[in-house]
Amino acid sequence: MTTIAVTGHMDLTEETIPLVRTALDDLLKQYADDGRLVGVSCIAKGADSLFAEAVLAAGGHLTVVIPSRDYRQNKVKPDHAALFDHLVEAAEEVLVLSHETANRQAYEAANSVLIERADRLVAVWNGEPPTGKGGGTADTVLEAREAGIPVDVVWPGRAARRN
């Protein structure tokens, strides 16, 4: 069994979404052959949800990590709610962290759970350094590398973030 967690940008452009989806499908194929792929995701809009969909499409098992008790109510926007709910329903395991409020501390805790569970980390990441706020994609990549977790960076040519 291979457990792969994801971190990545939420603000992918519409043109980037199919590029990332294809790259994730291609990457996960090599781990899904034995039917023992487990994907771990916070299922936020963008990279996290694209990864979760790719795990399910590859026949893998999905574990969802929700950073706080109020995350669905206060952070999931209407344009993402149906997919978020679908992925929660499709997950074999859903972990809701004990934080009451979705904030930087909750996101950092969720990222730590991703790292603790992962054999590998997929980062849908443009390579930019951490912002200094904590809890972001670059922070998670650095945390994984410090923990000795292999990181697969997915950032196809022509990929971009919204301004």
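## Ground rules

The model is predicted, so local features need pLDDT of at least 70 and side-chain atom pairs count only at pLDDT 80 or more, while totals for chains, interfaces and linings use all residues. Residues are numbered from 1 along each chain as its sequence is written, and side-chain values use heavy atoms, with hydrogens and water left out.

Helices (H or I, at least four residues) and strands (E, at least two) are DSSP runs, numbered from the N terminus.

## The sheet

Six strands form an open sheet with parallel pairing. Their order is β4-β3-β2-β1-β5-β6. Strands β4 and β6 are the edges, and each pairs on one side only. From one strand to the next, the twist averages 20 degrees. For such angles, axes are lines fitted to C-alpha atoms, for helices over the stretch in contact, and angles run from 0 to 180 degrees between N-to-C directions.

Two strands pair if DSSP finds at least two bridges between them. Strands β5 and β6 run parallel and are joined by four bridges. Here V122 stands opposite D152 in β6.

## Helix α2

Helix α2 covers residues 47-57. Eight of its eleven residues are buried, so the rest of the structure largely encloses α2. Buried means under 20% relative accessible area, exposed means over 50%, and partly exposed lies in between (1.4 Å probe, protein chains only). The buried residues include L50, F51 and V55.

What do the buried residues of α2 pack against? Their partners are β1, α1 (16-32), β2, β3, α4 (78-90) and β5. Contact means heavy atoms within 4.5 Å. Just after α2, G59 takes a positive phi of about 85 degrees.

## Helix α5

Helix α5 has 14 residues, 104-117. The expected span of a helix is 1.5 Å times one less than its number of residues. For α5 that gives 20 Å, and its end C-alpha atoms are 20 Å apart, which agrees.

Among the buried residues of α5 are A106, A110 and L114. The buried residues of α5 pack against strands β1 (2-8), β2 (37-41), β3 (61-66), β4 (93-96) and β5 (120-124), and against helix α6 (137-146). N103 caps the N-terminal end of α5. A side-chain oxygen of N103 lies 3.1 Å from the backbone nitrogen of Q105.

## Salt bridges

A salt bridge is a side-chain nitrogen of Lys or Arg within 4 Å of a carboxyl oxygen of Asp or Glu. The count is eight. One of them joins K29 and D26 (3.6 Å, N to O). These two are three residues apart in helix α1, so about one helical turn separates K29 and D26. D26 is partly exposed, at 44% relative accessibility.

Another salt bridge joins E100 and R69 (2.2 Å, N to O). E100 lies in the loop between β4 and α5, and R69 in the loop between β3 and α3 (71-75), so the pair ties together parts that are 31 residues apart in sequence. R69 is exposed, at 53% relative accessible area.

D85 and R72 also meet in a salt bridge (2.8 Å, N to O). D85 is in helix α4 and R72 in helix α3, so this pair links parts 13 residues apart in sequence. D85 is partly exposed, at 33%. R72 is partly exposed, at 33%.

## After the last strand

P156 sits in the segment after β6 (151-154). P156 and T22 are 134 residues apart in sequence, yet 9.3 Å apart in space, C-alpha to C-alpha. P156 touches L19, V20 and A23, not counting residues up to four places away in sequence.

Terms used. A polar contact is a pair of N or O atoms within 3.5 Å; within protein, one must be able to donate a hydrogen and the other to accept it, and residues adjacent in sequence count only if both atoms are side-chain atoms.
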